[in-house]
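This report considers selected local features of one protein chain. The sequence and structure are shown first.

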Amino acid sequence: MKKRWIRRILYSVMALLSILICTFIWADHELNKVMGKSTKNIDISSIIKPSKILQIRNVNVLSEDCSHFIKNQNVLIKDGVIIQLSENPVINKDADIIDGTDQYLIPGLVDSHVHLKESKNDLFLYLVNGVTYIREMAGQPVVLEWRKAIQKNGLGPRMFIASPPIFSESGLMGYYYGWTRKSINYSNKEDAQKAIKKISEQGYDAIKMYGFVNLEMVKTTNEIAKENNLPVIGHIPLVNLETFYHSGQKEVTHIEELTIKTIDEFGKPISKNRKEYLEFLKVRSVQIAEKLKENNISVTSTVGLCESFVEQRFNLKSKLKEVELKYVNPKIIEGTPLYKMGWLPGKSGYEYDGKDEAKAKRSSLIFWKTYVEAIHIMTKAVADHKVPIMVEQMLMYLFLFPGFLFTMNWNPCPNPE
């Protein structure tokens, strides 16, 4: 009888372990899928035509001071370097000719905040849209390898690569975030030193601070990063703004980070106190901008993404019809039932999922409209105080494609009026 019970317990344990292992394998597969890892890389060999000498004729070239376009110029390029710019076409029988009539030639664009996931195809989309430099803000070893290949003799934009995001979790939660968020976790100085030393040795350009880092590890991270000549950039961690200003971190990766802090400081529901909050913000945003300028902290913008929140939340199906999904990694569009990380209805984390009641929906709508207006107020204050602002696309969030945001909305020489 005793042996029979022991066998039953062993069988039950084995069955439970089998279920856990299968669940883990499935979850890992789903996480890799939405990272685009399983998407087949496109073959670009048929569209690449290497040329040592290239001539672009009758093109409008952006002036050095970005004040105007120089019309009908002929540009001669040799081995990737512009060697001549003139109104008269240079006769060179070895040059490949591109007709630039009614076209514009500008320097390569920079996207200051991207998330490449694990599909190399996105690198080529940047190039065809004129984005020649990107800042990967949550790097992984595979992206470091891509950069090495491009530097050697490959095709792709130049890259600044921040480390995987830093968390200050330990134990089981540390493992969980390391698995699901591909983060680096440490909760004491010794582990922080080891992790940051490794980050430096691997070749990352910066430490990516995430939002869930406690005060002790914020101080420790900035101290050790400074010793390793690595800037700390990213989210505002679990500290108040006054502490953040003096933490040593030199970049906030979203204008949202600042705005959310003011909502917390306001302390009342902004959907019920909309006017009062916006008046509070008009004063507070100026104070924040002054402190950012004083402490040489730059900001990257998320205005375009934030402006899309209302439509994503309440008009997702209609909005998706306007989007050219053929340019997006299909696995990312599909998402996963594991958690809301896709683009489609039922898979999007931005879609309204509150109570199916008119009052609840109206309250949510007021909140998000107020939120977008708050983003505009904060952005204006930061710009008015000449805080450095970098344009970012937040690649792979709904409606945002590699490189396309710039080609649709960027104006190098805006009308001063």
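This is a predicted model: local features need pLDDT of at least 70, side-chain atom pairs count only at pLDDT 80 or more; totals for chains, interfaces and linings use all residues.

## Packing of α5 and α6

Two packed helices are described by the angle between their axes and the distance between the axes. For helix α5, residues 189-202, and helix α6, residues 215-227, the angle is about 40° and the axes lie 10 Å apart. The crossing of the two helices, α5 and α6, is right-handed.

On the α5 side, the contact is formed by Lys 189, Ala 192, Gln 193 and Ile 196. Their counterparts in α6 are Met 217, Thr 220, Thr 221, Ile 224 and Ala 225. By class, the residues of this contact between α5 and α6 comprise 5 nonpolar, 3 polar and 1 charged.

## Thr 259 in helix α8

Thr 259 belongs to helix α8, which spans residues 255-266. Its relative accessibility is 0%, so Thr 259 counts as buried; the cut-off for that class is under 20%.

A polar atom of the Thr 259 side chain lies 3.1 Å from the backbone oxygen of Ile 255. When residues up to four places away in sequence are not counted, Thr 259 touches Tyr 277, Ala 374, Ile 375 and Met 378.

## Two residues of the α13–α14 loop

The loop between α13 (330-334) and α14 (358-384) holds Ser 348, and Lys 355 lies in the loop between α13 and α14 as well. Which of the two classes, buried or exposed, applies to Ser 348? With a relative accessible area of 1%, Ser 348 is buried. Its side chain has a polar atom 3.2 Å from the backbone nitrogen of Tyr 350.

Lys 355, by contrast, has a relative accessible area of 58% and is therefore exposed, the threshold for that class being over 50%. With neighbours within four places in sequence left aside, Lys 355 is in contact with Ala 360 and Lys 361. The C-alpha atom of Lys 355 is separated by 50 Å from that of Cys 66, and the two residues are 289 residues apart along the chain.

## Summary

The helices α5 and α6 pack at an angle of about 40° with a right-handed crossing. Thr 259 is buried in the model, as is Ser 348, whereas Lys 355 is exposed.

Notes: Residues are numbered from 1 along each chain as its sequence is written. Side-chain values use heavy atoms; hydrogens and water are left out. Axes are lines fitted to C-alpha atoms, for helices over the stretch in contact, and angles run from 0 to 180 degrees between N-to-C directions. Helices (H or I, at least four residues) and strands (E, at least two) are DSSP runs, numbered from the N terminus. A crossing is left-handed if the near helix is turned anticlockwise from the far one by less than a right angle, and right-handed if clockwise. Contact means heavy atoms within 4.5 Å. Ala, Val, Leu, Ile, Met, Phe, Trp, Tyr, Cys and Pro count as nonpolar, Asp, Glu, Lys and Arg as charged, and the others, Gly among them, as polar. Buried means under 20% relative accessible area, exposed over 50%, partly exposed in between (1.4 Å probe, protein chains only). A polar contact is a pair of N or O atoms within 3.5 Å; within protein, one must be able to donate a hydrogen and the other to accept it, and residues adjacent in sequence count only if both atoms are side-chain atoms.
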